[in-house]
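This report goes through a structure from the fold of one chain to its interface with another. Please keep the sequence and the 3D view open while reading.

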Amino acid sequence: MALTPPRDSLKRLCSCALLTAIALTIFMVEAQIPLPIAIPGIKLGLSNIITVYAVFVLSPREGGMILFARVFLGAVFSGQMSTLLYSGGGGLLSIFVLILLSKLLSKQELWLASPIAAFFHNLGQLCVAALVMQTPVVFAYLPYLTVAAVVSGLFTGLCVQYVVGRLPEI
Amino acid sequence: MKKNVIIVVLAVIFFTSLGAVINRTLWARGGQVDGVRITVEGKIVYEIDFLTDSLPKTLEIQGKNGIESTVVVEDGRVHVAHANCPDQICVNQGWIVDSAMPIVCLPGEIIIEMIGGDANGLDTATG
């Protein structure tokens with residue numbers, strides 16, 4: 001990596017910055033859409049289209065950086081810093097699983113990675129919540145969140161699949 | 001080949017959870033609840049018994065991070081009437097009547113759950 005020519009590394013930096021900006025925009029727009037389901041933690045997670053795209057098309061390292069930049073800036077912009085711990089915990093577990101899956105799955109199968117990562121995101125979030133609250137009661141939400149994770153994960157996964165199919169390599 | 005394996009695993013996780021959701025929702029509704037327990041930062045602040053306490057009851061809860069909420073307990077059900085937080089998830093959750101889904105406020109570290117009977121916390125899931 002140290003021997004990468006400057007032009008190439010500049011290009012990478014630009015793509016990372018651009019993807020982070022796109023992810024953050026999607027995240028902020030999605031936060032304004034009210035969901036009819038009153039179960040905490042359930043959302044479409046559309047900004048993860050960018051995360052999965054970055055991990056598979058750019059590199060796992062850059063995908064991780066984009067995810068954490070978006071999670072942190074998302075908390076800052078939405079003014080909910082207290083949720084940072086939970087989204088950080090979920091993000092850490094899900095990016096780990098996602099990077100593992102990027103080694104296992106080909107680019108034609110990457111739509112499958114999204115629901116699995118979504119499930120682990122919820123699991124990580126609940127683990128942090130259980131540690132913070134010092135009670136396993138929060139795991140009562142796990143089945144509800146898992147059903148939602150598979151449905152919304154498949155949706156975002158298919159979105160990534162179409163994006164990868166249409167967008168030329170960056 | 002490995003694609004099929006992942007699809008199968010995903011389907012199993014999905015249908016197991018779907019089954020758990022249906023089971024919990026149906027089973028817990030039939031279960032007996034005796035009261036409501038409210039926990040803040042890991043400490044029990046209120047325990048209300050549906051039989052012995054006078055109802056309806058309105059409680060002011062002081063959570064972490066300056067979060068305050070108004071909880072209304074009626075016979076057999078509980079809800080958060082008001083909360084001073086921006087997301088209002090607990091308020092939108094409405095009345096809960098069983099232990100299938102407790103009301104959890106993450107920033108305020110407040111947990112409102114049904115107790116007693118056969119339906120107590122996580123035990124419902126295994127029932």
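## Model and overall make-up

The model is predicted. Chain B contains three helices and seven strands. Along the sequence these elements come in the order α-β-β-β-β-β-α-β-β-α.

Chain B has 127 residues, of which 43% count as buried. Among contacts in chain B with a separation of 6 or more, 40% are between residues 24 or more positions apart.

In chain B, strand S4 covers residues 68-74 and strand S5 covers residues 77-83. The two strands are antiparallel and are joined by six bridges. Within this pairing, His79(B) of S5(B) lies opposite Val72(B).

S4(B) and S5(B) make a hairpin, and two residues separate the strands. Gly76(B) sits in the turn and has a positive phi of about 85°.

## Strand S7 and its neighbours

Strand S7 of chain B runs over residues 110-115. Six of the six residues of S7(B) are buried. Ile110(B), Ile112(B) and Met114(B) point one way from the strand, while Ile111(B), Glu113(B) and Ile115(B) point the other way.

S7(B) pairs with two strands that are described here. Strand S1 (residues 35-40) of chain B runs antiparallel to S7(B), with six bridges, and Val40(B) faces Ile110(B) in that pairing. S6(B) is also antiparallel to S7(B), over three bridges; here Val104(B) has Ile111(B) as its bridge partner. S6(B) and S7(B) form a hairpin with four residues between them, and Glu109(B) in its turn has a positive phi of about 50°.

## Interface of chain B with chain A

The interface brings 33 residues of chain B into contact with 30 residues of chain A. Together the two chains bury about 2800 Å², and 79% of this area is on carbon and sulfur atoms. Leu10(B), Met101(B) and Leu106(B) provide 19% of the area that chain B buries against chain A, more than any other three residues. Between the chains the salt bridge count is zero, and two residue pairs are in polar contact.

On the chain B side, the elements giving two or more residues are helix H1 (2-30), helix H2 (89-92), strand S6 (103-105) and strand S7 (110-115). H1(B) gives the most, with 13 residues. By type, the chain B residues that touch chain A comprise 21 nonpolar, six polar and six charged.

## Thr20 of chain A

Thr20(A) belongs to helix H1 of chain A, which spans residues 6-31. Is Thr20(A) buried or exposed? Thr20(A) has a relative accessible area of 13%; the limit for buried is under 20%, so Thr20(A) counts as buried.

Which residues does Thr20(A) touch, leaving out those up to four places away in sequence? The contacts are Ile66(A), Ala69(A) and Arg70(A).

Terms used: Residues are numbered from 1 along each chain as its sequence is written. Chains are lettered from A and ligands numbered from 1 in the order in which they are written. This is a predicted model: local features need pLDDT of at least 70, side-chain atom pairs count only at pLDDT 80 or more; totals for chains, interfaces and linings use all residues. Side-chain values use heavy atoms; hydrogens and water are left out. Buried means under 20% relative accessible area, exposed over 50%, partly exposed in between (1.4 Å probe, protein chains only). Contact means heavy atoms within 4.5 Å. Two strands pair if DSSP finds at least two bridges between them. Buried area is the accessible area (1.4 Å probe) that two parts lose on being put together, summed over both. A salt bridge is a side-chain nitrogen of Lys or Arg within 4 Å of a carboxyl oxygen of Asp or Glu. A polar contact is a pair of N or O atoms within 3.5 Å; within protein, one must be able to donate a hydrogen and the other to accept it, and residues adjacent in sequence count only if both atoms are side-chain atoms. Ala, Val, Leu, Ile, Met, Phe, Trp, Tyr, Cys and Pro count as nonpolar, Asp, Glu, Lys and Arg as charged, and the others, Gly among them, as polar.
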